[in-house]
Amino acid sequence: MIDVCDVCGWEYDEEEGYPEGGIAPGTKWEDVPEDFECPLCNVGKDQFSEVE
């Protein structure tokens with residue numbers, strides 16, 4: 001599953017994770033910490049939408 005930042009379009013892919021931010025590959029979006037911020041525009045997790 002992929003979640004996309006509504007503000008800037010950055011994509012979080014569960015298969016790839018976000019190793020640069022300490023999130024291992026295979027981490028589901030619901031398991032990403034609630035204080036996660038978009039690495040490009042710094043908005044919170046609540047500003048992401050799920051896409052298929």
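How far is the sulfur of cysteine 5 from the closest cysteine sulfur, and which residue holds that closest sulfur? The partner is cysteine 41, and the distance of 3.6 Å is too far for a bond.

Before going on, a word on the setting. This is a predicted model, in which local features need pLDDT of at least 70 and side-chain atom pairs count only at pLDDT 80 or more, while totals for chains, interfaces and linings use all residues. Residues are numbered from 1 along each chain as its sequence is written, and side-chain values use heavy atoms, with hydrogens and water left out.

**Cysteines**

A disulfide here is a pair of cysteine sulfur atoms within 2.5 Å. Searching the whole structure turns up zero disulfides, and cysteine 41 is accordingly in none.

**The charged pair**

Side chains of opposite charge can pair when their charged atoms come close. With a salt bridge taken as a side-chain nitrogen of Lys or Arg within 4 Å of a carboxyl oxygen of Asp or Glu, the count is one. That salt bridge joins glutamate 34 to lysine 45, with 3.4 Å between the closest N and O atoms. Both residues sit in the loop between strand E2 (11-13) and strand E3 (48-51), so the pair ties together parts 11 residues apart in sequence; strands (E, at least two residues) are DSSP runs, numbered from the N terminus.

**Accessibility**

Buried means under 20% relative accessible area, exposed over 50%, and partly exposed in between (1.4 Å probe, protein chains only).

| Residue | Relative accessible area | Class |
|---|---|---|
| Cysteine 5 | 3% | buried |
| Cysteine 41 | 25% | partly exposed |
| Glutamate 34 | 63% | exposed |
| Lysine 45 | 10% | buried |

Definitions and conventions
Helices (H or I, at least four residues) and strands (E, at least two) are DSSP runs, numbered from the N terminus.
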